[in-house]
Amino acid sequence: MNTFIRNKEFRWITLSDWISVFGDSVFYLAFISFATTLENSTLAISFVTLSEMIPDTISFVFGYICDRTKKKYKADIRCAFIRAILYFIVAVFFIIGKNWFVLFCVLFLNLLSDIIGNYSDNLRFPEIYAIVPKEEYESSTGFSMGIYYSIKICSKMLGGVILIFLNYSYINFALINAVTFILCGVLLLRVKKQVEEKMLVYEYNNNNNKSSFFIECKKILDNKMVLNIIIVFILCKSIIGTLLPIGYIILASNEEISTEMYTLMISILNIIPTIGIIVGNILSGIIFKKIKIIFFIIFEMLIVSIMIFIMISGISGKLLFPFYLFTFLLYGILAVKFNGFLFSNHDYNTIGLSVGITNTLLTLCSSLFLTFIMFITNIFNYKVTLKMIFIFSVFTLIYIFVMKKHYKSIL
């Protein structure tokens, strides 16, 4: 938080992020609501949901483009205003009415905006690299990520209320999103001169770097220590990504729980991860700043393994809630530590591609692993699935300890 108060450039960039996530979150809820009004609404919702995954799956491409971009900060400002224009066009399409033609047009424009947003997100890493000292990175990003997720969850909670208040006027939601992006661009413009001055020396070095995409990828993947940390983080994230769906199934299979109690427990189970991640993000840079990432990876996987073992043993669903909270709190800390690790082990010219590759792998691996786990659950039962996840967790822990021993002097 100290960096947010003292560093004007970081403060305005962070505020623009917070405003954009509010607009994006409420518009997404409105778009889902629009999809439900169409015939075959299930298919319409599926299209909207799947389109949200596309930008992250090709994030490595935008990471490379980001690293090759001249005048990155100016490009970031342009992204904000272009996205505003796109949502003004979306508002025009919503005037036409409620049909599949409008859905596909809005879907395309929203996807285009998300792709530009992914590129903009990748641009943020070199910007932060230039304006925030390395020793302040974890504390500053931990605070900003914590507030970011707080706004995101509050936006989703308030989105339904706003939807009713605006009488399901999807046009107004598109206009709200457009205005938020204009505000983002204006906030970024406030510190344009200061940020560009700090980025100037990095931009000069970047202009002299003309390596191809494959050469840059090879440079990143050749760093075995960094690659191994990326691999274990992806394994950890993939396992954690199965915990909520498995939790729903365990609660649903408990015949002693009434329908009303099940609804309440599901609601609590949905809130717990968000609270845990937010608290973990904020605590990461305040209390755990000097503790290395490998400690949290090991601790997280130990807790997850114990939690899954308890699930297998058939413990009451209510007693799992503290484990869920602690697991996601640790993940909130780990996410900040991981970003800080990437930040510390890459230079200005490769940070965008590194983050892009990581985001792509995280999205693909997490989605594929969850799909596989749900497939196994449907064929057999959740207890068989839990045993598989437990074995996978134990093998991940073994891999982590072998890696830690190999890189003992660094990790």
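Helices (H or I, at least four residues) and strands (E, at least two) are DSSP runs, numbered from the N terminus. Keep in mind on this tour that the model is predicted, that local features need pLDDT of at least 70 and side-chain atom pairs count only at pLDDT 80 or more, whereas totals for chains, interfaces and linings use all residues. Residues are numbered from 1 along each chain as its sequence is written, and side-chain values use heavy atoms, with hydrogens and water left out.

**The whole protein**

Begin with everything selected and coloured by secondary structure, which comes to 17 helices and zero strands. Taken along the principal axes, the C-alpha atoms fill a box of roughly 60 × 60 × 40 Å. The radius of gyration, taken over C-alpha atoms, is compared here with a globule rule of 2.2 Å times the number of residues to the power 0.38; a compact globule of 411 residues would have a value near 22 Å, and the protein, with 22 Å, agrees.

Next, colour by accessibility, where buried means under 20% relative accessible area, exposed over 50%, and partly exposed in between (1.4 Å probe, protein chains only). Buried residues make up 51% of the 411 residues.

**Helices H4 and H16**

Now select residues 59-68, which form helix H4, together with residues 351-379, which form helix H16. Two packed helices are described by the angle between their axes and the distance between the axes. Axes are lines fitted to C-alpha atoms, for helices over the stretch in contact, and angles run from 0 to 180 degrees between N-to-C directions. The axes of H4 and H16 come within 7 Å and cross at roughly 175 degrees. Angles under 35 degrees count as roughly parallel, over 145 as roughly antiparallel, 65 to 115 as roughly perpendicular and the rest as oblique, and H4 and H16 are therefore roughly antiparallel to each other.

**Ser 59**

Stay in helix H4 and select Ser 59, which counts as buried because its relative accessibility is 0%. Leaving aside neighbours within four places in sequence, Ser 59 is in contact with Asn 118, Asn 122, Gly 356, Asn 359 and Thr 360.

**Two loops**

Move on to Lys 71, in the loop between H4 and helix H5 (72-96). Lys 71 has a phi near 55 degrees, a positive value in a residue other than glycine, and at 53% relative accessibility Lys 71 counts as exposed. Then find Asn 40 in the loop between helix H2 (8-36) and helix H3 (41-57); the phi of Asn 40 is also positive, near 55 degrees, in a residue other than glycine.

Select Ala 91 in helix H5, a buried residue with a relative accessible area of 4%. Beyond its neighbours within four places in sequence, Ala 91 is in contact with Ile 171, Ala 174 and Leu 175.

Finish at Met 261 in helix H13 (residues 259-284), which counts as partly exposed at 31% relative accessibility.

Definitions and conventions: Contact means heavy atoms within 4.5 Å.
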